[in-house]
Amino acid sequence: MGSETVRLQTMALTGPNEKPLYIGTLDCAKKTIAKEGIRGLYKGMGAPLVGVAPIFAMSFLGYGVGKKLQQKSPDDKLTIPQLFYAGAFSGIFTTIIMAPGERIKCLLQIQHADAEKRYKGPFDCAKQLYREGGLRSIYKGTCATFLRDIPASGMYFMTYETIQRWIVPDGEKLGLLSTILAGGFAGIANWVVGIPPDVLKSRLQAAPEGTYKKGIREVFARLLKEEGLRALYKGCTPVMLRAFPANAACFLGFEAAMNVLNWIAPSL
């Protein structure tokens, strides 16, 4: 459930008597596997995977800094809006690392097996982009990524902390079930907010140079005119299918790591 999201989001419009390239998530996955094998579902994931560890590290670091900036003392309990602001602050940290990988991923994922491939892989894609337009080309879509990650990260951490507070009373240890539920629903909340700007970002980053001269504003205006508001949630199904388990696992790993660190160095 990787490449089909971008392919659905960037799928070209068809005429009145033409069938769309994909009629849904399952159809997209079936056609991708038939033409490219299982590996086709994970096309373009090399670049984002390289940045997974630093992205999550920066995300949680940014969230921690965002919380501290709003606390007068370490024991201050933040309000729900303050948790959102702290999470949104973390989105600034992650976008700087994430934007180039997202650009490369989108370009690789829209390459189909039955068409001539322009890019041989992530490194070749990065080299060609740099040769054609320098760092500006590699970082194309950064503002769109900010528009996605700042509010989505705010919802992500706010939802996690809020659900944990509902399930676990003050002073009690976080449990396995509460972490799974809070982490899973945090992932869903993240994408409910993040999918519309993600669609715009994918279209901007996957488009040939010069297609959208006014940037994300032009992408949005053209999408509304040609396809309507529903198009902002294209690719929603595969994203939501992976949102709960992926983010439940993420927060389980984070809480486990924090427990180990607190055991090794309790004074930090």
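How many Å does helix H6 (residues 122-138) span between its end C-alpha atoms, and how many would a straight helix of 17 residues span? Helix H6 spans only 11 Å, whereas the straight version would span 24 Å at 1.5 Å a residue. The expected span is 1.5 Å times one less than the number of residues.

This is a predicted model, in which local features need pLDDT of at least 70 and side-chain atom pairs count only at pLDDT 80 or more, while totals for chains, interfaces and linings use all residues. Residues are numbered from 1 along each chain as its sequence is written, and side-chain values use heavy atoms, with hydrogens and water left out.

## The whole chain

The protein chain has 10 helices and zero strands. Helices (H or I, at least four residues) and strands (E, at least two) are DSSP runs, numbered from the N terminus. Along the sequence, the pattern reads α-α-α-α-α-α-α-α-α-α.

Of the 268 residues, 45% are buried. Buried means under 20% relative accessible area, exposed means over 50%, and partly exposed lies in between (1.4 Å probe, protein chains only). The accessible surface comes to about 14,900 Å², and carbon and sulfur atoms hold 65% of it. Such areas come from the Shrake-Rupley method with a 1.4 Å probe; for residues, only the protein chains shown count as cover.

Contact means heavy atoms within 4.5 Å. Among contacts with a separation of 6 or more, 73% are between residues 24 or more positions apart.

Where does H6 bend? The bend is at Glu132, and it is about 110 degrees. A bend at a residue is the angle between axes fitted to the seven residues ending there and the seven starting there. Helix H6 also has buried residues: Asp124, Cys125, Gln128, Leu129, Gly134, Ser137 and Ile138. Their cover includes H5.

Helix H5 (residues 80-109) is bent too. A kink of about 45 degrees is centred on Thr95.

Cys106 sits in helix H5. Cys106 counts as buried because its relative accessibility is 0%. Gln205 is 99 residues away from Cys106 in sequence, but their C-alpha atoms are 6.6 Å apart in space.

## Nonpolar cores

A nonpolar core is a set of buried Ala, Val, Leu, Ile, Met, Phe, Trp, Tyr and Cys residues joined through side-chain atoms within 4.5 Å. The largest one has 15 residues. Its members that touch the most others are Trp191, Ile195, Leu200, Leu204, Tyr212, Val219 and Leu223. Helices H8 (176-206), H9 (216-226) and H10 (236-264) each give two or more residues to this core. The largest share, five residues, comes from H8.

Leu204 shows what such a member touches. Leaving out residues up to four places away in sequence, Leu204 is in contact with Lys140, Gly141, Ala144, Tyr212, Gly215, Ile216 and Val219. There is also a second, separate core of 14 residues, which includes Phe60, Met158, Ala186 and Cys250.

Is Arg148 buried or exposed? Arg148 counts as buried because its relative accessibility is 5%. This residue lies in helix H7 (residues 142-167). Beyond its neighbours within four places in sequence, Arg148 contacts Met98, Glu102, Trp191, Gly194, Pro197, Asp198 and Lys201.

Pro196 is found in helix H8. Pro196 is buried, since its relative accessible area is 15%. Not counting residues up to four places away, Pro196 touches Leu232 and Tyr233.

Glu209 is in the loop between H8 and H9. Glu209 is exposed because its relative accessible area is 52%. Apart from residues up to four places away, Glu209 touches Arg103, Ser137 and Lys140.

Two polar contacts join side chains here: Arg148 with Glu102 at 3.0 Å, and Glu209 with Arg103 at 3.0 Å. A polar contact is a pair of N or O atoms within 3.5 Å; within protein, one must be able to donate a hydrogen and the other to accept it, and residues adjacent in sequence count only if both atoms are side-chain atoms.

The table lists C-alpha distances for pairs of residues.

| Pair | Apart in sequence | C-alpha to C-alpha |
|---|---|---|
| Cys106 and Gln205 | 99 residues | 6.6 Å |
| Pro196 and Arg148 | 48 residues | 7.9 Å |
| Glu209 and Lys140 | 69 residues | 9.9 Å |
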